Amino acid sequence: MLESMDRNQITEQIIAARLAKGLSWQELADAIGKPVVWTTSALLGQQPIPAELGQTLAGLLGLDPAVVPVLAAVPMRGAAATPPTDPTIYRLYEAVGVYGPALKELIHEQFGDGIMSAINFSVDLQRKAHPGGDRVVITLDGKFLPYEWNSAD
């Protein structure tokens, strides 16, 4: 049965097992010594999980060890729907849509012609107390990669 399971089915098993066992994403991240955002992303199918970490997670979640090679495989990344339909993801999409052009201009002004890498990258999420309601602070930390224009040799 497991041989025919795809990554989405394993993700569903992960979510169900995490909830059934009462484990938080932070507890799973702590168990493998990785940041919580990366761990959550990986368990949701967006990052390959090294086999030794996959074994630890499969054990904690009570999953068949045969899921480990599937978890270690390079995934198809990214959301399927554009624009996304989930309200939380849509608001992030909206924020990039509204502020993206300004951020692009500022990156070019301050760094030059290039991009922020999403490969050489880290992300963090923090809760910040605020009298008007707690704030969500998301930090995107990507390496600047300048465009390199080469003439034909």
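# Questions on a predicted model

Student: Does Ser-117 count as buried or exposed?
Tutor: The model is predicted, and the relative accessibility of Ser-117 in it is 4%. Buried means under 20% relative accessible area. At 4%, Ser-117 therefore counts as buried.

Student: Which strand holds Ser-117?
Tutor: The UniProt entry, which is unreviewed, lists Ser-117 under "active site", together with Arg-91 and Glu-94. In the model, Ser-117 falls within residues 114–128. That run is strand β1.

Student: Which residues does Ser-117 touch, not counting residues up to four places away in sequence?
Tutor: Ser-117 is buried. With residues up to four places away in sequence not counted, the residues touched by Ser-117 are Gly-142, Lys-143 and Leu-145.

Student: Which residue meets Glu-94 in a salt bridge?
Tutor: Side chains of opposite charge can pair when their charged atoms come close. Glu-94 is partly exposed, at a relative accessible area of 35%, and lies in helix α6 (residues 87–111). The residue that joins its side chain, at 3.2 Å from N to O, is Arg-91.

Student: How many residues apart are Glu-94 and Arg-91?
Tutor: Both residues lie in helix α6. Their spacing is about one turn of the helix. In residues, the separation is 3.

Student: Which residues of helix α4 are buried?
Tutor: Helix α4 spans residues 51–61. On its other side, Glu-52, Gln-55 and Gly-59 are exposed. The buried ones are Leu-53, Gly-54, Leu-57, Ala-58 and Leu-61.

Student: How wide an arc do the buried residues of α4 cover around the axis?
Tutor: Leu-53, Gly-54, Leu-57, Ala-58 and Leu-61 are the buried residues in question. They lie on the same side of α4 because the arc they cover is only 135°.

Student: Which helices do the buried residues of α4 pack against?
Tutor: The buried residues include Leu-57 and Leu-61. Their packing partners span residues 7–21, 25–32, 36–43 and 68–72. Those helices are α1, α2, α3 and α5.

Student: Which residue takes a positive phi just after α4?
Tutor: Helix α4 covers residues 51–61. Just after it, a phi of about 70° is found at Gly-62.

Student: Which residues touch the most other members of the largest nonpolar core?
Tutor: This core has 18 residues. The elements giving two or more residues to it are α1, α2, α3, α4 and α5, and its largest share, 4 residues, comes from α4. The members that touch the most others are Ile-14, Ile-49, Leu-61 and Leu-63.

Student: Which residues does Ile-14 touch, not counting residues up to four places away in sequence?
Tutor: Ile-14 belongs to the largest nonpolar core, as do Leu-61 and Leu-63. With residues up to four places away in sequence not counted, Ile-14 touches Arg-7, Leu-43, Leu-61, Leu-63 and Leu-71.

Student: Which backbone oxygen does the side chain of Thr-39 reach?
Tutor: Thr-39 lies in helix α3 and counts as buried at 1% relative accessibility. Leaving aside neighbours within four places in sequence, Thr-39 is in contact with Leu-28, Ala-29, Ile-32 and Lys-34. The backbone oxygen its side chain reaches, at 2.9 Å, is that of Pro-35.

Student: How far apart in space are Val-136 and Ala-118, C-alpha to C-alpha?
Tutor: Val-136 lies in strand β2 (residues 135–146) and counts as exposed, at 63% relative accessibility. Not counting residues up to four places away in sequence, Val-136 touches Leu-125 and Gln-126. Val-136 and Ala-118 are 18 residues apart in sequence, and their C-alpha separation in space is 21 Å.

Methods:
Residues numbered from 1 in each chain as written. Predicted model: local features only at pLDDT ≥ 70, side-chain atom pairs only at ≥ 80, totals over all residues. Heavy atoms only, no water. Buried < 20%, exposed > 50% of the residue type's maximum accessible area, 1.4 Å probe, protein only. Arc of directions from axis to C-beta. Contact = heavy atoms within 4.5 Å. UniProt positions renumbered as here; feature names shortened; annotations may be inferred. Polar contact = N/O pair within 3.5 Å; in protein donor to acceptor, adjacent residues only side chain to side chain. Core = buried A, V, L, I, M, F, W, Y, C linked by side-chain atoms within 4.5 Å. Salt bridge = Lys/Arg side-chain N within 4 Å of Asp/Glu carboxyl O.
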